[in-house]
Amino acid sequence: SAASQGFIDYRDISASPFLPIKTFVEQQSTATDISQGEIKKTGSPLDAAISGEGFFKVSTPNGDRYTRQGSFTLDSEGRLMTKDGYSVMGEGGVITLTPGKIEIASDGTISVDGITVDKLNVVAFSSPDAIEKDSDGLFKMADVNANETTPEGTAVVQGHIESSNVSVVKEMTAMIEVLRAYESQMKLIQTFDELTQKAMEMGRV
């Protein structure tokens, strides 16, 4: 939703040409809008936002998943976790932090009291079609042949989170356009029905 942190728009790509009578929209496919959401400051040292393309890699009971939701926390053993309790992955595996001053550099490197601990595993994909929506705001591999890539020009911003990339104004505009298209289609159907009825009446004369 528009109010959800790091929410990525996931929508149908539909077409409505001159369709058979009594038919309106035929769904063609779906696509993921991975455009950047607004980055907002929180001040929490465990919060991290991705500026640019890419996803944080996390470990779940169902395997590796991907998210842009960077509101992290620590569990009782010092492991960096998502708000839903999934382990945040670094280049060395699950990230575990000791007490101290936590700093996250723009390249994702995490240090505690000036000592480097690990680096956030931020990955990208060659195409949005390589991933598909999963539960808890996560994404998973949609194509078994897809490979993770290293995003270019991406920066991790500590003490910030990314808000939803869903624009309320844009969605309302799109909804109005769909409604107008529906009304136009219904008028076309009504006109076709009237012409058909007149043709049938003339045929009985």
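**Exercise 1. Determine the strand order and pairing of the open three-stranded sheet in this predicted model.**

*Solution.* The order is β11-β12-β13, with antiparallel pairing; strands are DSSP runs (E, at least two residues) numbered from the N terminus, and two strands pair if DSSP finds at least two bridges between them. Next, locate the edges: β11 (102–104) and β13 (115–119) each pair on one side only. Neighbouring strands are turned by 25° against each other on average, direction ignored, with axes taken as lines fitted to C-alpha atoms. Finally, count the links from β12 (residues 109–112) to β13: four bridges join these antiparallel strands. Ser111 has Thr116 in β13 as its bridge partner.

Residues are numbered from 1 along each chain as its sequence is written. In this predicted model, local features need pLDDT of at least 70 and side-chain atom pairs 80 or more, totals for chains, interfaces and linings use all residues, and side-chain values use heavy atoms, without hydrogens and water.

**Exercise 2. Characterise the largest cavity and its lining.**

*Solution.* On a 1 Å grid over the protein atoms alone, a cavity is a set of points where a 1.4 Å probe fits but cannot get out, and lining residues have an atom within 4 Å of a point. The largest cavity has a volume of about 50 Å³, that is, the space filled by probe spheres set on the points. Its lining includes Thr67, Lys83, Asp84 and Asp136. By class, the lining residues are two nonpolar, four polar and three charged, with Asp, Glu, Lys and Arg counted as charged, Ala, Val, Leu, Ile, Met, Phe, Trp, Tyr, Cys and Pro as nonpolar, and the others as polar.

Key. On a 1 Å grid over the protein atoms alone, a cavity is a set of points where a 1.4 Å probe fits but cannot get out, and a pocket is an open set with protein on both sides within 12 Å along at least five of seven lines; lining residues have an atom within 4 Å of a point. Axes are lines fitted to C-alpha atoms, for helices over the stretch in contact, and angles run from 0 to 180 degrees between N-to-C directions.
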